[in-house]
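Open the model in your viewer and show it as a cartoon.

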Amino acid sequence: EALYTALKQEVGDAGFAGRRYAIFCAPEGRTWLAEQLGNAGATVEMIHVYLRSETRIPRPLTERWKRVHANAIYSAGSSELLAMASQKLALLGVPKPWSVPMLVYGPRLQKLAEQLGWNQVVRLQNPSREAVLAALAGLR
């Protein structure tokens, strides 16, 4: 969402119609951005430059993660990162709903976090460091 918003500011009133965009991503990555640009009249080419792979968590790290009690998790602008964090918690056997605050930017990621099982989602005003720090300070 932040990237799309920045692109909208860049093109201004001219809009996206007639423009061409190349998105470098993994297969099935950045689909929301491509859809938004396409719906706005742009031509979008998805260029797959890497493959996602399942991360195996070594047993010692798994045990360490089970002992960690984080105050918050930050996934400001990436639905992929949000999904992967959720998947890892599930693999570690952490039961839902997850009560550790998840910091995200934008309504789409807020909704996704809630759908994935987070019961405390903090929506940032913007994806800046300052916004993250302000949100963390507000959690105290």
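This is a predicted model: local features need pLDDT of at least 70, side-chain atom pairs count only at pLDDT 80 or more; totals for chains, interfaces and linings use all residues.

## The whole chain

Start with everything selected. The protein chain has 6 helices and 5 strands.

Now colour by burial. Of the 140 residues of the protein chain, 28% count as buried. Next, turn to contacts. Take those in the protein chain with a separation of 6 or more: residues 24 or more positions apart account for 51% of them.

## Stop 1: the aromatic rings

Select Tyr4, Phe16, Tyr21 and Trp32, and show their side chains. These four residues form one aromatic cluster. How many aromatic pairs does the structure hold? The count is 3.

Zoom in on Tyr4 and Phe16. Their rings form a stacked aromatic pair, 5.5 Å centre to centre, with 25 degrees between the planes. The pair links distant parts of the chain. Tyr4 is in helix H1 (residues 2–11), while Phe16 is in the loop between H1 and strand E1 (20–25). The two residues are 12 residues apart.

Phe16 and Tyr21 form an edge-to-face aromatic pair. Here the distance is 5.9 Å centre to centre, and the angle between the planes is 70 degrees. Tyr21 has a relative accessible area of 17%, so Tyr21 is buried.

## Stop 2: Tyr50 in its loop

Select Tyr50. Where does Tyr50 sit? Look in the loop between strand E2 (43–48) and helix H3 (59–67). Tyr50 is partly exposed, because its relative accessible area is 41%.

Now show what surrounds Tyr50. Setting aside residues up to four places away in sequence, Tyr50 touches Cys25, Ala26, Pro27 and Glu80. Draw a distance line from Tyr50 to Ala26, C-alpha to C-alpha. The line spans 5.1 Å, although the two residues are 24 residues apart in sequence.

## Stop 3: two helices side by side

Select helix H4 (residues 79–91) and helix H5 (residues 107–116). Two packed helices are described by the angle between their axes and the distance between the axes. Here the axes come within 10 Å and cross at roughly 15 degrees. That angle makes H4 roughly parallel to H5, because angles under 35 degrees count as roughly parallel. The crossing of H4 and H5 is right-handed.

Which residues make the contact? From H4, show Ser79, Leu82, Ala83 and Ser86. From H5, show Arg108, Leu109, Leu112, Ala113 and Leu116. Colour the contact residues of H4 and H5 by type: 6 are nonpolar, 2 polar and 1 charged.

## Stop 4: Ser86

End on one residue of that contact. Select Ser86, which lies in helix H4. Ser86 counts as buried because its relative accessibility is 4%.

Show what Ser86 meets. Beyond its neighbours within four places in sequence, Ser86 is in contact with Trp98, Leu116 and Trp118.

Terms used: Residues are numbered from 1 along each chain as its sequence is written. Side-chain values use heavy atoms; hydrogens and water are left out. Axes are lines fitted to C-alpha atoms, for helices over the stretch in contact, and angles run from 0 to 180 degrees between N-to-C directions. Helices (H or I, at least four residues) and strands (E, at least two) are DSSP runs, numbered from the N terminus. Angles under 35 degrees count as roughly parallel, over 145 as roughly antiparallel, 65 to 115 as roughly perpendicular and the rest as oblique. A crossing is left-handed if the near helix is turned anticlockwise from the far one by less than a right angle, and right-handed if clockwise. Contact means heavy atoms within 4.5 Å. Ala, Val, Leu, Ile, Met, Phe, Trp, Tyr, Cys and Pro count as nonpolar, Asp, Glu, Lys and Arg as charged, and the others, Gly among them, as polar. Rings of Phe, Tyr and Trp (its six-membered ring) pair if their centres lie within 6.5 Å; planes under 30 degrees apart count as stacked, over 60 as edge-to-face and the rest as tilted. Buried means under 20% relative accessible area, exposed over 50%, partly exposed in between (1.4 Å probe, protein chains only).
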